[in-house]
Amino acid sequence: MIVSIGGNAIARKGQAGTISEQFANVAIACRSISSIIRSGRPVIITHGNGPAVGNLLIQNEAASAQVPPMPLYICNADSECSLGLIIQQSLYNALRSSDMEREIATVLTQVIVARSDTAFADPQKPIGPFYDEQAALVLSRDRGWVMKEDARRGFRRVVASPKPLRVVEAGVIKRLSEQGVIVIAAGGGGVPVFESAEGLLTGVDAVIDKDLATALLASVVKAETLLNLTGIEMVYKAFGTPSQAGLSQMSISEARSYLDKGEFEPGSMKPKIEAALEFLEDGGKEVFITTPELAEEALSGRAGTRIYR
């Protein structure tokens with residue numbers, strides 16, 4: 001089983017985003033995950049990295065006069081490791097509290113993307129702090145950043161969100177899992193890299209969608225079930241409107257129909273449904289989407305949304 005912890009389940013809406021808050025939020029998810037592990041299911045964990053990577057970028061800019069700022073792909077790696085620690089330690093403690101010991105390892109994960117991906121021609125993913133128009137013009141000129149106005153709150157850097165093609169460390173992740181190790185991998189969608197004709201890797205400033213990277217990894221390791229833990233208890237059509245309606249179950253064709261009709265918000269539930277369909281169409285059995293608190297109930301059909309093949 002693949003369990004994916006969304007960034008909005010790690011740093012929740014309305015919170016300051018402190019480390020203690022993140023540990024407390026992750027502990028909730030890990031209590032549910034530990035119950036799944038006690039039931040005997042092998043588990044691989046992935047996770048989002050927002051807003052952690054955004055905070056790193058803000059720190060970058062604030063201290064740029066004293067410390068050379070790090071490129072985005074290095075910040076991706078930093079957040080993958082720091083959030084991996086939070087999950088790894090929290091899950092270790094949850095298992096020990098149940099008198100159970102398991103080996104847990106965080107694998108820094110690189111994900112290959114294509115130079116020819118059309119996302120690089122039209123970057124859309126906003127990252128980092130807001131700037132006024134003059135500062136945005138200077139950054140665009142001096143650093144070559146693509147800057148766009150974001151919801152009238154100011155200008156932000158936008159980067160590409162290319163399609164993940166291959167998880168470089170998939171083999172070691174699969175082997176560790178088969179040996180009984182609980183693996184935490186592909187954090188924040190993994191570190192995006194280009195691969196040269198000679199097979200050499202180079203980091204690239206981009207953001208890979210966590211859900212698409214999770215679906216790719218799940219297919220490679222031949223997982224049957226994908227549990228996506230997020231900030232709302234189930235999937236809704238027409239979310240946030242007077243006609244909002246919860247969807248407890250969907251077949252592939254039903255989910256595809258809702259997707260085609262635009263029922264799911266871009267940047268929110270839409271990529272989760274797209275990733276679910278990709279996983280199921282590539283051989284997965286079922287996908288569950290719910291909050292960390294309702295994970296066990298969702299797996300038993302009493303909460304959340306189930307998408308099935």
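The model is predicted, so local features need pLDDT of at least 70, side-chain atom pairs count only at pLDDT 80 or more, and totals for chains, interfaces and linings use all residues. Residues are numbered from 1 along each chain as its sequence is written, and side-chain values use heavy atoms, with hydrogens and water left out.

Let's start with the sheet. Eight strands make up an open, mixed sheet, ordered β3-β9-β2-β1-β12-β16-β17-β15. Strands here are DSSP runs (E, at least two residues) and helices are runs of H or I, at least four residues, numbered from the N terminus; two strands pair if DSSP finds at least two bridges between them. The edges are β3 (104-107) and β15 (249-251), and each has a single partner strand, so one side of each is left without a neighbour in the sheet. From one strand to the next, the twist averages 20°.

Within the sheet, β2 (residues 44-47) and β9 (residues 182-185) are parallel, paired over two bridges. Ile45 has Ile184 in β9 as its bridge partner.

| Helix | Strands touched | Angle between directions |
|---|---|---|
| α4 (residues 72-97) | β1 (2-5), β2, β3 and β9 | about 170° with β3 |
| α9 (residues 270-281) | β12 (225-229), β15, β16 (286-290) and β17 (305-308) | about 160° with β16 |

Finally, look at Asn25, which lies in helix α2 (residues 19-38). Asn25 is buried, with a relative accessible area of 5%; buried means under 20% (1.4 Å probe, protein chains only). Leaving aside neighbours within four places in sequence, Asn25 contacts Ala9, Ile10, Ala11, Arg12 and Gln15.

Methods: Buried < 20%, exposed > 50% of the residue type's maximum accessible area, 1.4 Å probe, protein only. Contact = heavy atoms within 4.5 Å. Axes fitted to C-alpha atoms, helices over the stretch in contact; angles between N-to-C directions.
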